[in-house]
Amino acid sequence: MMKKIVLSLTLFFLFTQNGLAGELFCLDKDLCYDQAYLKAFQELLAPYFRADNQELCRALLRMALVKKEATQKGLLNKAEIKRRLEIAQLRELYRLYMQEVVKKTKVDDKILKSYYLAHQKEFSLKKRYKVKILKLKQIPSPPYRLEGLLKEGEVETTQIYPEDKLIIIFGKRFAGEMYNLKEGQCLLLAGKEIKALCLEKILPETLLEFEKVKPRIKKKLLDLKGGFIVQEELKRLLQKYKPDIKDERCNFMEK
């Protein structure tokens, strides 16, 4: 019984290995496609796209047949088709090349800290306003100051708002008046309820700690969509090959 199990497992293993390494189909003896093509095909698909190997193999065969026929009919010699195929190849090669560059680049704390120090504005909290809204029992006498109004009412909310969000949150009129308030001063909001809008403290622009933003910096440096490492590699290639740029619209680096 044990020998049968071992034999079955061995045959299954050999069959699987041969299947993985074997050819999928051939259009002639010098034009064969194997599992490596299937794997490459799968990697080109969007992550959310789901297809089993049978579907992929059938699609690969369809495309291979069209390529064979298009070659025989001379379509690959047409200038427009050649350009479009070259552009598609360039796009994919760019993506694969930059993936390799990013993969091989060691992003240590020294590089991260260097980027952090060179882009402090990007990692700073903007000027913020710490605001208290007080609920009052009756209309108080001016001047309206936080210290005095706290004795006449109760705190409804305490929030910290970025300076550039005050207009969105409180409207143009009240935001405009708040910009002129000094710490401890209040605005009276008279309506169905009597409330006061009080500026408790102005928090200046603050640079975030390096450790808090380090993951964000690393993600940015490794981002293929114009990330730091990609830009540095493009600068290197420009300096190395010195292209003769005839149209300034093609120049992707700032002077």
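Me: How many salt bridges does a search of the whole structure find?
Reply: This is a predicted model, where local features need pLDDT of at least 70, side-chain atom pairs count only at pLDDT 80 or more, and totals for chains, interfaces and linings use all residues. Residues are numbered from 1 along each chain as its sequence is written, and side-chain values use heavy atoms, with hydrogens and water left out. A salt bridge is a side-chain nitrogen of Lys or Arg within 4 Å of a carboxyl oxygen of Asp or Glu. By that rule, the search of the whole structure gives a total of 23.

Me: Which residue forms a salt bridge with lysine 132?
Reply: Lysine 132 lies in strand S4, and its partner lies in strand S7 (residues 194-203), so the pair ties together parts 68 residues apart in sequence. Strands (E, at least two residues) and helices (H or I, at least four) are DSSP runs, numbered from the N terminus. The closest N and O atoms are 3.4 Å apart, and the partner is glutamate 200.

Me: Is lysine 132 buried or exposed?
Reply: Buried means under 20% relative accessible area, exposed over 50%, and partly exposed in between (1.4 Å probe, protein chains only). Lysine 132 has 15% relative accessibility, so this residue counts as buried.

Me: Which residues are joined into one network with Glu156?
Reply: Glutamate 156 meets lysine 195 in a salt bridge of 3.0 Å, N to O. This pair links strand S5 to strand S7, 39 residues apart. Salt bridges that share partners join Glu156 into one network with Lys135, Glu193 and Lys195.
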